[in-house]
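Reader: I am new to this structure. Please take me through the terms and what they rest on.

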Amino acid sequence: MKNMSLKTIAQVVDGQLYFPLDYEVEDNKVIAGVVTDNRQIEKDFLFIPMVGARVDGHDFIEDAFEKGAYAVLSQKKLDNPKGPYILVKDTPTSLKQIATYYRQQLSIPVIGVIGSVGKTSTKEMIASVLSAKYEVLKTEGNYNNEIGLPLTVLRIRDYHQVAVVEMGISDFGEMHRLGDIAKPDYVVITNIGQCHLEFLHNRDGILRAKTEVFEHMPSSGCVILNGDDDKLIDADTLGLKTIYYGLGEHEYSASNVEADGVTGIKADIHTPLGDISVKIPLPGEHNVMNGLAAAALGLQLGLDLENITDGLNHAKTISGRNNLMVVNGITIIDDCYNANPVSMKASIEVLGKATGRTIAVLGDMGELGDKEVELHANLSQVIEDNQICMLFTVGTLSENIHTTLQQHNSSCMCHHYGKVEDLLTDLLPVLRVGDTVLIKASHFMNFPVIVDAIKKRFE
């Protein structure tokens, strides 16, 4: 890692560097990587322990050295450490300081992907397109917050030619801190939806919080916005170059959008350099929108239409994010990583395109503020509009979907449970060949256990 010696790191974090007695100091040696999880230690890595509600990472410092760590950061003075350490006041702050410094050493373009819904799938699609020409570093998993983003930046190596980083927030000021670390050259904003309302209050607050990032972009930066979003179309981009995409009349648009069941979606994409026809192997109209953002970014970075077509035709998703799998004739739509009203609606619409019986297994959505009951109840209309055959809900808030459907005398067969275990008792015997099952809730509902239970039962 360029310019990342222990002496330099100590200066960056305003810490005190200590070496064990009789330790042979190598002045020019640099760290090979940075982790906060001792299980991910590799030779010559820097280990940064975090203090959590249940676990104190400082307890694993000795283990980190045994696994080959070159050095560690610590908020506590260490007795007889097996290697060098830097004493700091606060390890999370130090992690951000190190990442901010490291970002300043990098000359590759950094792309920030932001939005209420679709950040991960858009990030994956952008990476798929750019990989046709460049060596791409992308955010892995859910590393998009004030711990994950710095760790992502610190994974960039000399051979990477572009980085695509996801940036997620839930409160004002967070995007300022993330933007100061990433300093993105390009920013894609997918939409301004109803999420994190507990802290951001309304969509205007969400817009204000997410667009804090513009203040941390260079004057040569470029912003790529969903022009179909009523908030983004009027967003103040501080004079930065701005490109709009969407199904309306924009620089990047799409027509002849056609669902291919639940396996994908077809569309003609129109760009300033010409038109292409694609079959994106991910279901839902929202993936056409993600594809438009990727196409716009690809052309800005010098790709041609053939590169973009190939990237979109081979796009993939990740576990828990609209991930499609077939287990002995039962199709599972694993979308249980997170949920908000916009993504719930999109996923239910995808389910509605399936042949055979359609079964929605839905759980509570978090951080919706004082409208949480109404926003859950509203999903009942989406269930009816898409003629979903069966609904299984779990959780206090999701009961409002169930109750509202019953009040409407819906033809959808509804079942509600307080616990996932009780749901599984009834759900598993009902499933049969030809069914398509959507499993979706906010992460705290722990719905991956439902996916695992179905797979275990029918594999």
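**Terms and values**

Author: The accessible surface of the chain is about 19800 Å², and carbon and sulfur atoms hold 45% of that. Such areas come from the Shrake-Rupley method with a 1.4 Å probe; for residues, only the protein chains shown count as cover. This is a predicted model: local features need pLDDT of at least 70, side-chain atom pairs count only at pLDDT 80 or more, and totals for chains, interfaces and linings use all residues. Residues are numbered from 1 along each chain as its sequence is written, and side-chain values use heavy atoms, with hydrogens and water left out.

Reader: Why is V110 called buried?

Author: Buried means under 20% relative accessible area, exposed means over 50%, and partly exposed lies in between (1.4 Å probe, protein chains only). V110 has 3%, so V110 is buried. Of the 459 residues of the chain, 57% count as buried.

Reader: Which residues does V110 touch?

Author: Contact means heavy atoms within 4.5 Å. Leaving aside residues up to four places away in sequence, V110 touches R103, A163, V165, A182, P184, D185 and Y186.

Reader: What makes residues 110-114 a strand?

Author: Strands are DSSP runs of E, at least two residues; helices are runs of H or I, at least four; both are numbered from the N terminus. Residues 110-114 form strand β6, and V110 lies there. The chain has 16 helices and 20 strands.

Reader: What makes β6 and β9 a pair?

Author: Two strands pair if DSSP finds at least two bridges between them. β6 and β9 have four, in the parallel sense. I111 stands opposite Y186 in β9. β9 also pairs with strand β10 (residues 222-226), parallel, over four bridges. There, V188 has I224 as its bridge partner.

Reader: Which way do the residues of β9 point?

Author: Y186 and V188 point one way, V187 and I189 the other, and all are buried. In a regular strand, side chains alternate between the two faces of the sheet.

Reader: What makes the link between N287 and N290 a polar contact?

Author: The term needs a pair of N or O atoms within 3.5 Å; within protein, one must be able to donate a hydrogen and the other to accept it, and residues adjacent in sequence count only if both atoms are side-chain atoms. The side chains of N287 and N290 are joined at 3.2 Å. N287 sits in helix α9 (residues 285-300). At 2% relative accessible area, N287 is buried.
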